[in-house]
Amino acid sequence: MTGLEDLPLRDELRGLTPYGAPQLDVAVRLNTNENSYPLPEAAVAEMEKALSAVLRDLNRYPDRDAVALRTDLAAYLRHGLTWRNVWAANGSNEIQQQLLQTFGGPGRTALGFTPSYSMHPLLAAGTGTTWVDGRRDEDFTLTAEHAVAKVREHRPDVVILCSPNNPTGTALPLDVVRAVAEAADGMVLVDEAYAEFARPGTPFALSLIEEFPRLVVTRTMSKAFALAGGRVGYLAAGPAVVDAVQLVRLPYHLSALTQAAARAALAHTDALLSTVDAVKAQRDRIVATLRGWGLRVADSDANFVLFAAPRDDSKGIWQALLDRGVLIRDVGVPGWLRVTAGTPEETDAFLNALEELL
Ligand code: PMP
């Protein structure tokens, strides 16, 4: 039997495993930071109408430039942005891949600060970009001094920041983003997939776009908008960045169905985002409860919580929770586990199961 090792794989892909959390059929799935709430009926009805309207026209390619969707996304983001500032793709993963295809690539370097979203180094590998790990502090913080020192040391073509950071949960102070944007010669990508869940007063990098033409903010409809299955991510940046990404995007990459569904969802933004407060309440409840039990917990501005596993046994606790029907995530940070905040019932199940293991 021919194995992977027998194929003429690119050297940088040898030995890698595909990214992906287990998709297991268990009662309580809190491992991929989805929004646990189904879409509201009013939004579903609107999306059905929008989808049936485009079905008849599927013989034609979709709007390659997705102008209507980009216009709606710009209106959602505000900050004086227009469709020329926004680009959309099949999830923010694809957006980030396009950015690395455009600004990274062979002979170029991307700098990130782990523990962070583990797709970032994989996207670097997939685009032939050399990955440099600037590391976060032991307590998962990232200071402006440390980040700028790494930027000066490595002179990366792309710096990737993540705020709120997955898997640690905490948002970056804006002065860190600003300091990196000032120090970097290359592009600065700020992954804000979880922005809508941030605690009050958290600043976002959107406000820096006009000042820094090489700054790109990526967002997604997968989390707060509860549209993970719809696959819609987007970026906001100066119009030149959007023009640059056109050089690598596949023609008609975003299907007419996706564009229609996303636009109908955006027309129901308030209804869709109405679950965000409920999710944040569960997040805060998980943080407070685990701290009450004496566990170490990272501050969270996202829809998940990173906590130190009891007895430092992340593997054992992960498995024991799964045995009790609760799937959470071992994110590869030794001794720590990540749980998504979902419905109150899901939190009950998680907390009850974990309490049994204390
Ligand atoms: N960025 C971060 C930090 C994420 O956690 C995720 C999803 N796990 C993504 C980007 C990608 O999400 P999507 O492709 O669904 O937009």
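Trainee: Okay, helices here are DSSP runs of H or I with at least four residues, strands are runs of E with at least two, and both are numbered from the N terminus. With that settled, where does Phe 140 lie?

Mentor: This is a predicted model, and in it Phe 140 lies in the loop between strand 4 (130-133) and helix 5 (144-154). Its phi is near 75 degrees, a positive value in a residue other than glycine.

Trainee: Is Phe 140 buried or exposed?

Mentor: Phe 140 counts as buried because it has 20 C-beta neighbours inside 10 Å, and the cut-off for buried is 20 or more.

Trainee: Which phi does Arg 155 have?

Mentor: Arg 155 has a positive phi of about 45 degrees, although it is not a glycine. You'll find Arg 155 in the loop between helix 5 and strand 5. Arg 155 is partly exposed, with 13 other C-beta atoms within 10 Å.

Trainee: And the prolines, which peptide bonds are cis?

Mentor: The bond from Thr 114 to Pro 115 is cis, with omega near 0 degrees. Pro 115 sits in the loop between strand 3 (109-112) and helix 4 (119-126). Ser 163 and Pro 164 are also joined by a cis peptide bond, with omega about -10 degrees. Pro 164 belongs to the loop between strand 5 and helix 6.

Trainee: What about Asn 166, where does it lie?

Mentor: Asn 166 lies in the loop between strand 5 (158-162) and helix 6 (174-183). With 24 C-beta neighbours inside 10 Å, Asn 166 counts as buried.

Trainee: Which residues does Asn 166 touch?

Mentor: Leaving out residues up to four places away in sequence, Asn 166 touches Ser 116, Tyr 117, Ala 193, Tyr 194 and Ala 302.

Trainee: Let's zoom out. How many helices and strands are there in the protein?

Mentor: The protein has 12 helices and 11 strands. Of its 358 residues, 45% count as buried. The radius of gyration is 20 Å, which agrees with the value near 21 Å that a compact globule of 358 residues would have.

Trainee: How is the protein divided into domains?

Mentor: Domain 1 takes 4-40 + 274-357, and domain 2 takes 41-268. Their centres, taken over C-alpha atoms, are 23 Å apart. The contact uses 27 residues from domain 1 and 29 residues from domain 2.

Trainee: On the domain 1 side, which elements give two or more residues?

Mentor: Those are helix 10 (276-292) and strand 9 (304-308). By residue type, that side of domain 1 divides into 15 nonpolar, 6 polar and 6 charged.

Trainee: Helix 10, then. Which of its residues are buried?

Mentor: Val 279, Lys 280, Gln 282, Arg 283, Ile 286, Val 287 and Leu 290 are buried in helix 10. Seen down the helix axis, they fall within an arc of 160 degrees, so they line one face of helix 10.

Trainee: Nice. What covers that buried set?

Mentor: The cover includes strand 9, strand 11 (336-340) and helix 12 (344-357). On the face turned away from the buried side, helix 10 carries the exposed residues Asp 277, Ala 288 and Gly 292.

Trainee: How far apart are the end C-alpha atoms of helix 10?

Mentor: They are 24 Å apart, which agrees with the 24 Å that 17 residues should span at 1.5 Å a residue. After helix 10 comes Gly 294, whose phi is positive, near 85 degrees.

Methods. Residues are numbered from 1 along each chain as its sequence is written. This is a predicted model: local features need pLDDT of at least 70, side-chain atom pairs count only at pLDDT 80 or more; totals for chains, interfaces and linings use all residues. The radius of gyration is taken over C-alpha atoms; the globule rule is 2.2 Å times the number of residues to the power 0.38. A residue is buried if 20 or more other C-beta atoms lie within 10 Å of its own, exposed if 12 or fewer, and partly exposed in between; C-beta atoms are placed from the backbone. Domain bounds come from an automatic or database domain assignment. Two residues are in contact if their C-beta atoms, placed from the backbone, lie within 7 Å. Ala, Val, Leu, Ile, Met, Phe, Trp, Tyr, Cys and Pro count as nonpolar, Asp, Glu, Lys and Arg as charged, and the others, Gly among them, as polar. The expected span of a helix is 1.5 Å times one less than its number of residues. The arc is that of the directions from the helix axis to the C-beta atoms.
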